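Please keep the sequence and the model at hand while reading.

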Amino acid sequence: MRTLFRSLFVAAALAIHPAHAADAPYDLVLRNARIVDGTGAPWYRADLAVRGDTIAAIAPTISSPAKRVVDVNDAVVAPGFIDLHTHAARGIFHVPTADNYVRQGVTTLLEGPDGGSPVPLKPFLDKLEATPRSINIGSFLGQGSVRQRVVGLANRTATPEEIVRMQGIVEQGMRDGAFGLSTGLFYVPGTFTPLSEVIELQKVVSPYRGVHTSHMRNEAARVLESVRETIAIGVEGGVPTQISHHKLVGKMNWGKSVETLKLVDEARARGVDATIDVYPYTASSTSIHAALIPSWALEGGSRETLKRLQDPASRAKIKSAIAGLLRNERGAGDPRNVVIALCNWDPTLAGRNLAELAQARGMEPTPENAAEVVAWLTEQGGCRAVFHSMAEDDLQRIIVHPAAMIASDGEVPLFGEGAPHPRSYGTFARVLAVYVRERRLLTLEEAVRKMSAFPAARIGLTDRGVLRPGMKADIAVFDPARVRDAATFEKPHQYAEGFSHVLVNGQIVYENGAMTAARPGRVLYGPGKTRY
Ligand SMILES: [Zn+2]
């Protein structure tokens with residue numbers, strides 16, 4: 001009976017689409033692949049066929065005609081990587097090919113992390129729609145940005161009326177297609193937000209099936225409290241919750257990943273959907289004032305900060321706080337550990353560290369003198385910097401944790417500008433080269449899962465992240481013996497190596513060393529947009 005139905009169905013299909021006869025042509029066949037399907041399952045050898053923007057078939061041999069056949073010669077064929085934590089707005093409109101990401105197999109970027117995003121979100125998403133790109137992109141809404149809209153940069157609790165207004169903005173953001181509400185409780189103004197207020201906003205996100213991702217309030221001495229807070233936001237707000245770029249900053253805090261991961265394990269054991277993302281480097285990067293100037297001195301915005309720096313008494317207080325942070329947190333005890341990534345007002349400072357800059361100004365390279373340099377840099381207009389302040393042991397412990405996925409925290413650099421953190425160019429290739437091939441801490445399949453099916457499931461992307469017929473054809477092809485990150489802290493502007501082809505929505509965007517002319521990238525929308 002079932003067979004009869006099927007043959008009737010096939011006959012009907014043939015009658016309606018005579019051109020799609022038994023040997024319907026494929027647009028592309030990747031032949032002789034090692035399929036790493038994204039689920040974590042062991043690789044298997046097969047051909048993969050693409051029709052339109054979709055994976056049409058995966059089979060031991062596909063011999064049907066295709067417009068193009070590429071023999072990948074036993075390379076790994078994996079789902080294109082999905083990066084849930086990026087600052088892609090920095091650069092994507094200048095470099096819509098996002099070469100730094102595509103050349104390491106990334107096919108989808110998420111913006112709006114760390115509590116920061118455009119508010120409202122829709123004009124930003126519309127602008128992305130109007131910008132032909134190589135790569136898919138979606139966005140979170142940022143809690144800090146929402147709060148700035150309503151409460152400004154003041155250090156105070158929001159009134160009940162302000163909370164209602166913020167909830168309205170959040171609801172609109174979810175309907176516009178945000179994937180959730182990110183927090184950056186480390187930054188101004190997120191740091192002025194009490195836990196209860198974050199929870200009230202997440203309660204609005206919950207029915208739209210959004211996700212909370214957090215740059216936590218503290219990644220140093222108070223990291224355990226911050227992990228508990230991130231978990232509480234998930235529990236009380238009714239949302240999946242994620243620790244972003246999990247790290248332990250400052251020598252005094254090295255080793256605490258044992259305890260932070262235990263907190264995550266315990267939360268998961270009692271039914272809390274808490275996860276982690278991480279990048280494979282022991283240095284972080286952010287603006288120098290966010291990392292090193294205490295939040296009380298940032299209240300009210302940069303004009304207020306500059307006024308405080310002009311007042312001798314508060315300048316002394318600020319500098320003493322900076323020196324403390326250089327000793328115990330982002331400086332890890334030595335001003336040489338803080339390296340300028342870019343100062344827009346003086347590009348020649350890129351690559352120089354705080355000790356060198358102190359010496360250039362005729363001072364000994366002590367933390368106190370480096371604090372004076374930080375105050376001066378802030379007065380000149382501020383800089384982004386790279387902070388070498390984490391331990392490899394913590395990084396390894398986090399990266400292998402089953403609830404940890406890979407995300408870059410990177411951006412789309414202008415090639416050659418400044419000395420940005422190499423994570424923008426190397427994150428995914430580095431995991432495959434260093435943590436899979438060299439150190440054997442992860443299997444290839446597990447690493448790919450952390451870059452594809454896992455992040456896809458996290459934000460509810462049901463048609464990407466796994467290689468299976470019917471899924472969108474976002475695909476990365478690489479040689480597992482040759483894949484490597486080439487970007488270093490000293491020479492960051494170097495593309496990853498070992499990738500031969502990258503497909504986005506069925507079209508080849510990168511092939512044998514060059515970006516193609518295809519711009520198939522789509523804007524991806526969260527479940528609130530399609531369901532309501
Ligand atoms: Zn962050």
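## Cavity

The model is predicted. The structure holds one cavity of 30 Å³ or more, and the space in the largest cavity comes to about 80 Å³. Empty space of this kind is found by rolling a probe the size of a water molecule over the atoms.

The lining of the largest cavity is made by H245, H246, K247, L248, V278, Y279, Y281, M390, A391, D394, L395 and I398. Helix α15 (residues 392–399) contributes the most to this lining, with three residues. Sorted by class, the lining has eight nonpolar, two polar and two charged residues.

## Second largest pocket

The second largest pocket holds about 310 Å³ of space. It is lined by 20 residues, and those closest to its centre are R90, L342, R384, E411 and E417. The elements that supply two or more residues to the lining are β15 (338–342) and α16 (423–438).

Which classes of residue make up the lining of the second largest pocket? There are seven nonpolar, seven polar and six charged residues.

## Parallel sheet

Strands of a sheet pair through backbone hydrogen bonds, either parallel or antiparallel. Here, six strands form an open sheet in the order β9-β10-β11-β12-β13-β17, and the pairing is parallel. The edges are held by β9 (141–142) and β17 (404–406); each has a single partner strand, so one side of each is left without a neighbour in the sheet.

## Helix pair α5 and α6

Two packed helices are described by the angle between their axes and the distance between the axes. For helix α5 (residues 160–176) and helix α6 (residues 195–205), the axes come within 9 Å and cross at roughly 35°. The crossing of α5 and α6 is right-handed.

On the α5 side, the contact is made by I163, M166, Q167, V170, E171 and M174. On the α6 side, E197, E200, L201, V204 and V205 take part. By class, the contact of α5 with α6 has seven nonpolar, one polar and three charged residues.

Notes:
Residues numbered from 1 in each chain as written. Predicted model: local features only at pLDDT ≥ 70, side-chain atom pairs only at ≥ 80, totals over all residues. Heavy atoms only, no water. Axes fitted to C-alpha atoms, helices over the stretch in contact; angles between N-to-C directions. Helix = DSSP H or I, 4+ residues; strand = E, 2+ residues; numbered from the N terminus. Left-handed = near helix turned anticlockwise from the far one by under 90°. Contact = heavy atoms within 4.5 Å. Nonpolar A, V, L, I, M, F, W, Y, C, P; charged D, E, K, R; others polar. 1 Å grid on protein atoms, 1.4 Å probe; cavity = no way out; pocket = protein on both sides within 12 Å on 5 of 7 lines; lining within 4 Å. Points joined across faces, edges and corners; volume = space filled by probe spheres on them. Pairing = 2+ DSSP bridges.
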